[in-house]
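Please read it beside the sequence and the coordinates.

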Amino acid sequence: MAQTITQKILARAANRKFVETGESVWLNVDILLTHDVCGPPTFDIFREKFGPDAKVWDPEKVVVLPDHYIFTKNEHAKRNIDLLRKFAKEQNLPNYYDVGTERYKGVCHVALAEEGYNLPGTVLFGTDSHTCTSGAFGMFGTGIGNTDAAFILGTGKLWEKVPESMKFIFEGEIPEYLAAKDLILQILGDIGTDGATYRAMEFDGDAVYSLPVEERMTLTNMAIEAGGMNGIIAADEVTEAYVKQRTGKPYEIFRSDPDAEYHSIYRYDARQLEPVVAMPHSPDNRATVRSMQGTKITKSYIGSCTGGKLSDFVMAARILKGRTVAVPTNIVPATVEVARKLETELYDGLPIRKILEDAGCTIGLPSCAACLGGPQDTFGRSEDNDLVVSTTNRNFPGRMGSKNAGVCLASPLTAAASAVKGELTDPREFLR
Amino acid sequence: MESIIEGKAYVLGKNIDTDQIIPAEHLVYSLSDPEEVKLYGKYALSGVPPAEGGLPKGNIPFVGEGRFESDYSIIVAGPNFGCGSSREHAPFALQTAGVKAIVAESYARIFYRNCVDGGFVIPYETAEQLNRTVMTGDELQIDIDNNTVTNVTRDETFALKPLGDVFSIVRAGGIFAYARQENLMS
């Protein structure tokens with residue numbers, strides 16, 4: 001029987017040859033990810049349900065990456081880090097990346113990729129909805145809550161309903177004024193924030209495979225914004241090169257059978273698409289940037305698991321080199337590695353960090369920062385009636401802080417172009 | 001497990017996301033310290049823009065000033081309830097505020113799983129757009145055995161979609177109780 005890539009990976013994890021869409025199966029988990037927001041309550045449930053002296057099922061398979069509330073004076077947030085530290089010590093977890101040490105990484109989804117945890121064919125569960133990001137590596141990654149995570153900690157297993165798949169094919173060469181963000185916002189506008197609920201979103205086509213791994217991660221990251229269980233892109237030589245640079249662990253590559261059944265198939269010609277923006281207050285509230293041109297903004301924000309990768313800042317530098325921002329523009333590298341590369345990677349002969357600083361941007365420390373609001377002293381948090389153009393992934397009411405503020409989701413090109421003019425601006429204006 | 005759930009309805013619109021259910025700034029309180037737990041009740045649904053809370057009139061707070069529990073124990077909402085983050089603090093906050101069940105047109109997957117696996121609240125789906133006919137404050141009665149919801153105030157009864165596979169987890173009280181019952185863990 002023909003199967004999609006998602007079915008094949010879940011079948012492997014269930015020790016089966018075939019799994020049917022709609023059936024619930026128990027899966028063996030390859031990696032469990034948790035962070036500082038959901039880690040402490042997960043550990044509490046684990047101790048309560050498995051006993052105070054219980055040990056996690058496999059310390060090598062538990063990855064703990066604090067990233068959400070890192071550089072804050074908030075006492076409760078600091079307590080959460082202490083709780084992670086204590087649990088990691090008690091359980092001898094080798095994959096704990098403590099804040100304030102050389103090991104600290106930053107945003108979990110990007111750090112997982114950098115540290116070689118993302119392996120084609122494997123199953124990753126994480127206590128964060130954007131765990132679907134890892135699907136860019138031809139693996140199954142999805143978000144869960146604390147109770148499910150505690151269950152995995154004790155048993156190494158979890159049930160999951162095998163999803164139907166939706167296929168999104170992008171053909172043609174991607175124009176230089178478009179980024180992966182424009183592709184996924186296009187899809188969100190077409191299918192809505194619940195258009196893929198309980199389903200896998202599979203991305204395919206020449207245009208997708210022409211993207212570097214970091215851009216592919218932007219596509220899969222936002223599968224959850226359509227309600228998707230997972231986003232997935234089969235591994236190719238680009239994926240393999242990225243993985244082999246970071247780990248020697250074995251992996252298995254799966255691809256969808258040509259005659260696999262899909263819930264629906266969407267086709268796009270990348271050359272026909274335009275830069276788009278998701279206006280407040282929903283990721284599916286799509287408009288072309290052109291039609292919103294001139295909307296005054298108060299801030300620009302380039303960061304997060306979706307928009308804080310090196311490739312995102314290279315795009316911003318393309319626009320910002322030799323120009324000055326007209327509104328406060330906050331830059332947050334997703335990880336320490338990205339922050340380091342901002343110093344060493346050059347664009348047009350200059351370090352990217354210098355280009356961004358010369359343009360007047362403020363560069364924060366690697367973490368989730370204001371993507372999800374957080375404590376009052378969080379870097380880049382929205383205030384009052386701000387209208388922020390942002391490379392983050394969510395713009396529900398109050399998401400970046402202030403309940404009265406609005407967030408326009410856009411590509412790094414659009415966020416940078418808009419920062420220069422202080423109003424929503426089509427990046428083509430600066431790329432001609 | 002009780003077979004009838006009774007309570008006052010609190011009506012909301014569509015796409016109520018987890019940031020509206022419990023804003024990120026409040027995720028820092030302990031989920032096990034009894035004093036801090038009360039704060040999850042206090043701030044439940046505090047991220048809903050005021051005009052959207054307590055439909056059709058709006059501007060009805062879910063939890064009154066200075067209180068930690070709500071007068072409303074059944075939420076009625078449109079499609080895609082619980083979209084957004086994976087934070088289990090969301091169904092936990094609703095339960096802490098006194099919510100027993102939600103009746104919505106559809107749910108986001110992680111939120112739905114969290115409701116069921118953590119045994120917090122029962123997430124019912126209905127084919128009817130009940131948030132258009134039920135008014136905040138109406139008395140509702142959910143019959144768990146017969147999968148119906150009755151608006152006692154207006155004397156109307158509607159079908160609820162059966163919980164299907166997950167009913168056994170709901171009835172057990174969560175995934176741990178279920179797994180023990182099924183000998184999936186010792």
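In chain A, 74% of the contacts (heavy atoms within 4.5 Å) with a separation of 6 or more are between residues 24 or more positions apart. This is a predicted model, in which local features need pLDDT of at least 70, side-chain atom pairs count only at pLDDT 80 or more, and totals for chains, interfaces and linings use all residues. Residues are numbered from 1 along each chain as its sequence is written, chains are lettered from A and ligands numbered from 1 in the order in which they are written, and side-chain values use heavy atoms, with hydrogens and water left out.

**Chain A**

- Of its 432 residues, 67% are buried, meaning under 20% relative accessible area with a 1.4 Å probe, protein chains only.
- The C-alpha atoms of chain A fill a box of roughly 55 × 55 × 40 Å along the principal axes.

**Cavities**

- The structure holds five cavities of 30 Å³ or more; a cavity is a set of points on a 1 Å grid over the protein atoms alone where a 1.4 Å probe fits but cannot get out, and its volume is the space filled by probe spheres set on the points, which are joined across faces, edges and corners.
- The largest cavity has a volume of about 210 Å³.
- It is lined by 24 residues, of which H68(A), D128(A), H130(A), L372(A) and R399(A) are the closest to its centre; lining residues have an atom within 4 Å of a point.
- The second largest cavity has a volume of about 90 Å³.
- Among its 14 lining residues, G398(A), G401(A), P23(B), A24(B) and E25(B) are the closest to the centre.

Terms used: On a 1 Å grid over the protein atoms alone, a cavity is a set of points where a 1.4 Å probe fits but cannot get out, and a pocket is an open set with protein on both sides within 12 Å along at least five of seven lines; lining residues have an atom within 4 Å of a point. Buried means under 20% relative accessible area, exposed over 50%, partly exposed in between (1.4 Å probe, protein chains only).
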